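Here is my note on the model. Please read the points beside the coordinates.

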Amino acid sequence: MTSQAAEGPESVAATRRSKITPEREKEFFDAVLEQISECGYEAVTMEGVAASTRCSKSTLYRQWKTKPQFVVAALRSRRTARLAGIDTGSLADDLRAAARAAGRWSTNDSKLLQALGHAVTGDEDLARALREALIDPEIEALRDILRRGVERGEIPAGHPALEYIPAQLFGVVRARPVVDGEYADPAYLVRFVEAAVLPALGLS
């Protein structure tokens, strides 16, 4: 079963009727995602978000008719490529910078992914929004970093490790809480890049 996309005609109409400001909307989105991370998807209710943001639940239901629609909209509002501005002129330094950046937001993102883990298996729209918000932009930005390294001649275009670098970096972010019981912070990810990613590319 899938939830109706947040940007569908009914939602657009609701937005036109609503007097919610962008700042207030962000407050709602931040609240629902924070509560999911802390309490789990199933425990979060529209009523609970309304109480925490001091609004009537009818305000939320008028804007987003169901919890899945609300969460999808909140996730899509987070779509940013946080690695997009990295360009030091050196592939090795770019990858170190990407590791530090990923470490700064890995805790919050990992909590959210864990909290939504079961819910996304039964809701295609929710799964798609989660990937669009937290995964695809970073993977694309990382591939741009690697492409620039190829264009600068630092590594050959056909290097066999290129295909696996996104899975390496983002895989360890997701796996460390399970393996070590700790989140992958910036220092850990830089060490990982220097010990595993750079050698795989033939870089120092």
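**Notes on packing and cysteines**

1. Helix α6 (residues 91-120) packs with helix α7 (residues 124-134) at an angle of about 160 degrees, and their axes are 10 Å apart. Axes are lines fitted to C-alpha atoms, for helices over the stretch in contact, and angles run from 0 to 180 degrees between N-to-C directions. Helices are DSSP runs (H or I, at least four residues), numbered from the N terminus. This is a predicted model: local features need pLDDT of at least 70, side-chain atom pairs count only at pLDDT 80 or more, and totals for chains, interfaces and linings use all residues. Residues are numbered from 1 along each chain as its sequence is written, and side-chain values use heavy atoms, with hydrogens and water left out.

2. α6 and α7 are therefore roughly antiparallel (angles over 145 degrees).

3. Contact means heavy atoms within 4.5 Å. On the α6 side are D109, L112, L113, L116, A119 and V120; they meet L126, A127, L130 and L134 of α7. Nine of the contact residues are nonpolar, none is polar and one is charged. Ala, Val, Leu, Ile, Met, Phe, Trp, Tyr, Cys and Pro count as nonpolar, Asp, Glu, Lys and Arg as charged, the others, Gly among them, as polar.

4. V193 sits in helix α10 (residues 186-201). V193 is buried, at 1% relative accessible area (buried is under 20%, exposed over 50%, partly exposed in between; 1.4 Å probe, protein chains only). Leaving out residues up to four places away in sequence, V193 touches L95, R96, A99, L169, L198 and P199.

5. The whole structure has zero disulfides (cysteine sulfur pairs within 2.5 Å). For C39, the closest cysteine sulfur is that of C55, 17 Å away and too far for a bond. C39 is exposed, at 53% relative accessibility.

How values were computed. Helix = DSSP H or I, 4+ residues; strand = E, 2+ residues; numbered from the N terminus. Parallel < 35°, antiparallel > 145°, perpendicular 65-115°, else oblique.
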